[in-house]
Amino acid sequence: MSRQCELLDLARSTLYYKPVAVDPYELHLMNLIDQQFTATPFYGIRRMSAWLRTQGEVVNHKRVARLMRQMGIEAIYPRPKTSHPGDNVRRYPYLLKGLVIDAPNLVWSTDITYLRLPGGFIYLVAVMDWFSRYVLSWEVSNTMDIHFCLSALESALQQGQPQIFNSDQGSQFTSEAFTSYLERRNIRISQDGKGRAFDNIFVERLWRSVKYEEVYIKDYSTVAVAIQSLGKYFEFYNHQRLHQALNYQVPAAVHFRQ
């Protein structure tokens, strides 16, 4: 089994993963939050709490804050710094403001999103080229650790190399292991301002497409089903889905100049 995982570039923990039982009501709340956040990513904790009450769910903002933190999501809007990376984490500036991105492999970016399952949830990370919207790589994991993010990065770098790599300030992307991997290849690192998810807007739009066009329709039953279905979707996204922003071309055609 270890050799099969190695050949498939799949973490063994993902292969053997069985969704950990989650309180059904909490899972219900998380699914509501996920779907509403995808529609209104500017909803913060208190507004999300108020919206849940309009749906007949009597919850306080502390519970909603805990669930949103567990899901790895936060509202998109400027606000004061209320959380900080670890003391030993090196901070990088946001390099994309005013930058003209007119060719593939100038800027890549990455992000993590939450995916629901009947008995729990998993996380999805992707690496995307900003100019072409081409998804270079993706991975899923049952935890928010760094390993599946590094695996996605390694897979993407097998296909080329950007001048700038952009991410948010999540612990996975500010870790020494992740940033040093980029620096050894002389790739400039750009990080979103704290609380400014619009700085990584193209990946946010990708997540919206993935969820509305794939995840919510399929409602995956297992991790294996999720991996198989996501693989088909990203193939469709890269090679068949027409993008208005690309003058109705597909990402692969723009990325590879076909």
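**Cores, sheet and a kinked helix**

Me: In this predicted model, which residues have the most contacts inside the largest nonpolar core?
Reply: That core has 41 residues. The ones with the most contacts inside the core are Ile33, Met48, Phe165 and Phe178.

Me: Which element gives the most to this core?
Reply: The one that gives the most, with seven residues, is α6.

Me: What is Met48 in contact with, leaving aside its neighbours within four places in sequence?
Reply: Met48 is one of the residues with the most contacts inside the largest core. Once the neighbours within four places are set aside, its contacts are Ile33, Gln36, Phe37, Tyr43, Val64 and Met68.

Me: How many residues are in the other core, the one that lies apart from it?
Reply: Its members include Leu117, Ala126, Val140 and Val210. Val210 belongs to the buried residues of α9. The residue count of this core is 28.

Me: What is the strand order in the open sheet?
Reply: The sheet has five strands with mixed pairing. β3 and β5 (188–191) each have a single partner strand, so they stand at the edges, and one side of each is left without a neighbour in the sheet. Neighbouring strands are turned by 20 degrees against each other on average, direction ignored. The order reads β3-β2-β1-β4-β5.

Me: How many bridges join β2 to β3?
Reply: These two strands run antiparallel and form a hairpin with five residues between them. Tyr123 has Ser141 as its bridge partner in β3, while Val127 stands opposite Ser137. The number of bridges joining the two strands is six.

Me: Is β3 mostly covered or mostly exposed, and how many of its residues are buried?
Reply: β3 is an edge strand with a single partner, so one side of it has no neighbour in the sheet. Even so, β3 is mostly covered. α9 lies across β1, β2 and β3, and the buried residues of α9 pack against β3, among other elements. The buried count for β3 is six of its seven residues.

Me: Where is the kink in α9 centred?
Reply: α9 covers residues 201–218 and reaches 25 Å from its first C-alpha to its last, close to the 26 Å expected. There is still a kink of about 45 degrees along the way.

Me: Which residue follows α9, with a positive phi near 50 degrees?
Reply: Most residues other than glycine have a negative phi. The residue that follows α9 has a positive one, and it is Asp219.

Me: Arg133 and Tyr248 both have a positive phi; which of them is buried and which is exposed?
Reply: Arg133, at about 65 degrees, is found in the loop between β2 and β3. Tyr248, at about 60 degrees, lies in the loop between α10 and α11 (251–255). Buried means under 20% relative accessible area and exposed means over 50%. Arg133 comes in at 13%, so the buried one is Arg133, and with 52% the exposed one is Tyr248.

Note on methods: Residues are numbered from 1 along each chain as its sequence is written. This is a predicted model: local features need pLDDT of at least 70, side-chain atom pairs count only at pLDDT 80 or more; totals for chains, interfaces and linings use all residues. Side-chain values use heavy atoms; hydrogens and water are left out. Helices (H or I, at least four residues) and strands (E, at least two) are DSSP runs, numbered from the N terminus. The expected span of a helix is 1.5 Å times one less than its number of residues. The bend at a residue is the angle between axes fitted to the seven residues ending there and the seven starting there. Buried means under 20% relative accessible area, exposed over 50%, partly exposed in between (1.4 Å probe, protein chains only). Contact means heavy atoms within 4.5 Å. Two strands pair if DSSP finds at least two bridges between them. Axes are lines fitted to C-alpha atoms, for helices over the stretch in contact, and angles run from 0 to 180 degrees between N-to-C directions. A nonpolar core is a set of buried Ala, Val, Leu, Ile, Met, Phe, Trp, Tyr and Cys residues joined through side-chain atoms within 4.5 Å.
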